[in-house]
Amino acid sequence: MALSVHLRSYVCEFIIPRGLYMSEGLGLCSSAKMQPIRELIGKVAATNTTVLLRGESGVGKEVVARAIHKASPRAHRQFLKVNCAALPGELLESELFGHEKGAFTGAYRQKPGKFEAADQGTLLLDEIGEMPQRLQAKLLHVLQDGEFSRVGGEKIIGTDVRLIASTNRDLETAMRAHQFREDLYYRLNVIEIRIPPLRERREEIPVLVDHFLTRFNSQYGRKIEIPADSMRVFVEYHWPGNIRELENAVKRVVVLGTHRTVHQEIAATLGRGPRPAVTTASVTTINPDQMISLKDIARQAARDAERVAIKEVLDRVHWNRAKAARLLQISYKALLYKIVQCGLVTPEEKQGVVPEPASRNEVVAS
Ligand SMILES: Nc1ncnc2c1ncn2[C@@H]1O[C@H](COP(=O)(O)OP(=O)(O)O)[C@@H](O)[C@H]1O
Ligand SMILES: [Mg+2]
């Protein structure tokens, strides 16, 4: 039975008590109420158990994976990461398991894979849900027997790797649709850590903003400060790209803002993305100094409703945009426009850096 650990608060909590410091400003976050989870993560780090990290793109899955590695007895060995969505099947197989000379066109020499390189260390398999079925079987075999052979080779190679897998995909649905092997799912899902999206842990936002502000001010030789009312805008924003998006937004403000324009810069950076649905609560908490017209509220509410509908349809058709456009009865081009306008995070963006709002806007203009 999988043990589920739902992380509802600071990712950093479990790093601090082990006396470890991570560069990601994690030392700033600590709270007594996280003690049980801290202890649990400490226990996870001390073992060789496979861990499955779940959560939206940009929530900090890789940060957690590195933290587990650093807190583990394997800390002095390699931490390696492979993004299963970034490579086609054959290349991914060679990346993971290596290949022998002549295994395929272009294999001029023998090359060890990440399972060999990470021996006695930790291997993070990012976007595990995208791994092709054939490789899922090979992965299961390594996990069970600790051995594999390189592509095009017969020799059995033993390896002792601590595996951490991460995904933002609904693996249970993938499993029911026979896209993800059930046996592998249970093998990976020994300890599951769910990292909530940033919008569900907004209390972290001011600390994170300060952290990135310090970092980018020093990196770019600037002295930008974020006034309290602007910080409110950050705290209330929806953050579909989570901490990665926040990091990019602060970077943008630091690079482009001046003391006098920082307010406008924040509005320009965040204003184009989606905001949470307009509720009575959010209307009544509107800053009295801020002008907001009824028309704007109506427009925002319509956009929020549209956003939810479009996202649902796209998810249902696995982001097949042509199909989604037909279902929504809008043109393909209009759908692409809406995806950008609503700030929906596309599967392509999930695989890499979420483009900054400015570049989203350029897509709209073209
Ligand atoms: N708790 C945190 N404190 C500071 N930075 C963080 C934190 N969590 C994530 N980040 C930063 O946010 C970005 C996305 O984190 P990452 O671990 O790559 O997310 P994911 O793997 O879930 O997509 C990275 O630049 C990372 O350094
Ligand atoms: Mg990642």
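Is H318 buried or exposed? H318 counts as exposed, because 11 C-beta neighbours lie inside 10 Å and a residue with 12 or fewer is placed in that class.

## Overview

The model described here is predicted. The protein contains 17 helices and 8 strands. It has 366 residues, and buried residues make up 34% of them. Among the contacts with a separation of 6 or more, 71% are accounted for by residues 24 or more positions apart.

## Two histidines with positive phi

H318 sits in the loop between α13 (294–316) and α14 (321–328). Its phi is positive, about 50 degrees, although H318 is not a glycine. The exposure of this residue was given above: it has 11 C-beta neighbours inside 10 Å.

H178 also has a positive phi, in this case near 60 degrees, and is a residue other than glycine. The loop that holds H178 runs between α6 (171–176) and α7 (182–188). H178 is exposed, with 9 other C-beta atoms within 10 Å.

In soluble globular proteins, nonpolar side chains tend to be buried together. In this model the largest nonpolar core has 56 residues, of which V51, L53, I68, L125, I164 and L246 touch the most other members. Helix α10 (residues 242–256) gives the most to this core, contributing 6 residues. Another core lies apart from it and has 7 residues, among them I310, A324, L335 and V340.

Not counting residues up to four places away in sequence, I164 touches V51, L53, A65, I68, T122 and L124. I68 belongs to helix α2 (residues 61–70). I68 is buried, because 27 other C-beta atoms lie within 10 Å and 20 or more are enough for that class. With its neighbours within four places in sequence left aside, I68 is in contact with V44, A45, V51 and I164. I68 and V44 are 24 residues apart along the chain, and their C-alpha atoms are separated by 7.6 Å.

## Helices α3 and α5

Two packed helices are described by the angle between their axes and the distance between the axes. Helix α3 (residues 89–97) packs with helix α5 (residues 133–145) at an angle of about 15 degrees, and the axes are 10 Å apart. Angles under 35 degrees count as roughly parallel, and α3 and α5 are therefore roughly parallel to each other. Their crossing is right-handed. On the α3 side the residues that meet α5 are G89, L92, E93 and F97, and their partners in α5 are R134, L135 and K138. By class, the residues of this contact divide into 3 nonpolar, 1 polar and 3 charged.

E90 is also found in α3. With 15 C-beta neighbours inside 10 Å, E90 counts as partly exposed. The C-alpha atoms of E90 and P132 are separated by 9.6 Å, and the two residues are 42 residues apart along the chain.

## Helices α8 and α9

Helix α8 (residues 205–220) and helix α9 (residues 228–236) pack at an angle of about 115 degrees, with 9 Å between their axes. That makes α8 roughly perpendicular to α9. The crossing of these helices is right-handed. I205, P206 and V209 in α8 meet M231, F234 and V235 in α9. The contact of α8 with α9 has 6 nonpolar residues, no polar residues and no charged residues.

## Helices α14 and α15

How are α14 and α15 oriented to each other? The helices α14 and α15 (residues 332–341) pack at an angle of about 100 degrees, and their axes are 9 Å apart. They are therefore roughly perpendicular to each other. From α14, the residues R321, A322, A324, A325 and L328 meet Y332, L335 and L336 of α15. Sorted by class, the contact has 7 nonpolar residues, no polar residues and 1 charged residue.

Key
Residues numbered from 1 in each chain as written. Chains lettered and ligands numbered in written order. Predicted model: local features only at pLDDT ≥ 70, side-chain atom pairs only at ≥ 80, totals over all residues. Axes fitted to C-alpha atoms, helices over the stretch in contact; angles between N-to-C directions. Helix = DSSP H or I, 4+ residues; strand = E, 2+ residues; numbered from the N terminus. Parallel < 35°, antiparallel > 145°, perpendicular 65-115°, else oblique. Left-handed = near helix turned anticlockwise from the far one by under 90°. Contact = placed C-beta atoms within 7 Å. Nonpolar A, V, L, I, M, F, W, Y, C, P; charged D, E, K, R; others polar. Core = buried A, V, L, I, M, F, W, Y, C linked by C-beta atoms within 7 Å.
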